[in-house]
Amino acid sequence: MDKKNSFLKRFRLHAGLFLVALILPLVVTEFWVHVFTEILILGLFASAFNLIFGYMGQLSFGQAAYYGIGAYTTGLLMVKLQWPLFVCLPASMITAGIGALILGYFCVKLRGIYFAILTMAFGQFVFFIIFQWYSFTGGDNGLQGINPPVWLFKANAYYYFSLAVVTIGMILLYIITESPFGYTMKAIRDNTERTEFIGINVQRYMLINFVISGMFCGLAGALWGPFNRSVAPDLCSWQNSGHPVFMAVMGGPHHFLGPMIGSVIFTFLNAFVTGFTEYWPLVSGLVMIIVVLLMPGGLFGIIKSKGYFSPRNVGDVKNE
Amino acid sequence: MELTFLFSQFMSGLTYGLMLFLVASGLSLIFGVMNILNFAHATFWLIGAYICFTFWSLMEAHQFALWVSIPLAALATAAFGWVCEVVLIKRIYKRELHEQLLITYAMALILGDLIKIIWGPTDRLIVRPSIIQKPIHLFGAPIDSYFIFVILIGFAVAIGLWWFLKYTKYGHIVKAAVFSREMVGALGIPIPKIYTWVFTLGIFIAGLAGGVQSAIGSVTLGMDTNIIIQAFCVVVIGGFGSLMGTLVGSLIVGEVFSFAILYWPDGAMVLIFVITAAILIVRPWGLFGTPLRA
């Protein structure tokens, strides 16, 4: 197989999805363009979360904190200082990264259930700071009037802008996961002790990964504010931390695109269900239970077990 | 500040702490034995509160209404918990951590909406029986007499659980199952049955706590989401599966919250998370836990 061919084969799913994403907003109503924008943003959020969950093997229940820090950074910079959106996005990544560095320093000392609870406690910590700090964050009123620049006002325009940012983000994430660093993370996930024995500073690698994940969560959050025209402290709540977990589990945490596919299902379902009932938590809870009980490995796990096509998996030892 | 005032603040912290203990002890028991961190635990607590309200409103005219409603609510919640265990929790014993967390998280979402469907969005308020409407004066400080009742119930459950684990045969089995479930299973003790009853016992305590809570203030949708995080904090501070630790952890959180709200109202909640994080970092297994289970 020549190189070009194998490249196409390897990325046909990614390229196909990208093409669909390019064409879709031209053929649907504005409502669905909004839904697709949401899918992109939450998909980036879930993919960033999956760096910790799928690649590092730890469950973080507090990623909404970094999502919220990113959203608030962009919101505050745009509302209070009128910074242009282009500067706000990297600024949000930096603040979220700093937040993840400070809190992650403590989190990566723990494993398993303790890791999950500490990330959750820190998530609530960030939530309450934002919630209580009225003079700075607006408290539970949130921040209003986060208007994107005029040329991004139309739903389609903001969609393509998000698509560009998310695509760049996803490519960067992909490069990171396929790099020696990414493979070290998989090694840590599969056998932490052995990885330590070959001379790798596991805690430092986990911290770096935590920071990268936080930065991309922050980027996703930064896209959310101008899209929604406002931010609220709920973005940081532990319920919001549960969403990327669900998306990753639903799509399949052992495939790079799993969380993004999870976001497609989750957001579609949300838009569809909230159209005729207010009981979205009930429905999403039922879907969650069905997915966890009947679909181990998520959607990609099922596709793989049926052998429709064999996506490159991210290094599940059993399957290689 | 006056001493009597500090004393009454201490008593309200004690009440809050023991209420947390009632929620967290079941959580800790279930995690200690079954290794399942039950996200929906506080939702069962809220269900208990609503059921208590319903029983109370049926017997509203009578003085004894509340005293009968609380145990009835505990029993009804426990029965419901038993059903949930048999139908759902049973299937996830051997699953991974994130799957157990997601399932119980999904349960919390579903049960929260079921509460909304059954009881509606309006707040519910129980009128206390006249016997506990007037405050009691202790050391010159007026103490809500219902608080005394809550404190008594909290300590009674603590002592009851301690006695159960220390002196009864089933308590011994439960404690043994914490350390080595394979060995207990090998001795011919049906582990799944033990799990079912431990879960039901945990939910019973949660239902009891909900019943007690229902007369403290109004019963409101979404009360559970706040207290579950605090209960996690309590369990982490005290150490998973340690009864003594859960009690100490709840009292710490209750008192810290009660006094912090006086001096630094905005930071009270944040302070609890700071304490939890500090303990987790220094002693991930908690104050009274053992490193073995970390």
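**Entry 1: the cavity**

I began with the largest cavity and asked which element lines it most. α2(A) gives the largest share of that lining, with four residues. I note here that the model is a predicted one. Two elements of chain A, α2 and α7 (155-177), each supply at least two lining residues.

I then listed the residues around the space. Ser47(A), Asn50(A), Leu51(A) and Tyr55(A) line the cavity, along with Leu173(A), Thr177(A), His255(A) and Phe256(A). I sorted them by class and got four nonpolar, four polar and no charged residues. The space in this cavity comes to about 40 Å³. I searched the whole structure for cavities of 30 Å³ or more and found one.

**Entry 2: the pocket**

Next I looked up the largest pocket. It holds about 1,000 Å³ of space. I counted 38 residues in its lining. Which of them lie nearest the centre? From chain A I noted Asp234(A), Ser237(A) and Gln239(A), and from chain B Leu109(B) and Thr225(B).

On chain A they are α2 (30-55), α5, α11, α12 (258-273) and α13. On chain B they are α2 (41-58), α4 (97-119) and α9 (223-238). α4(B) gives the most, with seven residues. By class, I wrote down 21 nonpolar, twelve polar and five charged residues for the pocket lining.

**Entry 3: the interface**

I turned to the contact between the chains. Together the two chains bury about 3,700 Å² between them. Carbon and sulfur atoms carry 83% of that area.

I checked for charged pairs across the interface and found one salt bridge. It joins Glu278(A) to Lys116(B). I read 3.6 Å between their closest N and O atoms. That counts as a salt bridge because the cut-off is 4 Å.

Conventions:
Residues numbered from 1 in each chain as written. Chains lettered and ligands numbered in written order. Predicted model: local features only at pLDDT ≥ 70, side-chain atom pairs only at ≥ 80, totals over all residues. Heavy atoms only, no water. Buried area = accessible area lost by both parts, 1.4 Å probe. Salt bridge = Lys/Arg side-chain N within 4 Å of Asp/Glu carboxyl O. 1 Å grid on protein atoms, 1.4 Å probe; cavity = no way out; pocket = protein on both sides within 12 Å on 5 of 7 lines; lining within 4 Å. Points joined across faces, edges and corners; volume = space filled by probe spheres on them. Nonpolar A, V, L, I, M, F, W, Y, C, P; charged D, E, K, R; others polar.
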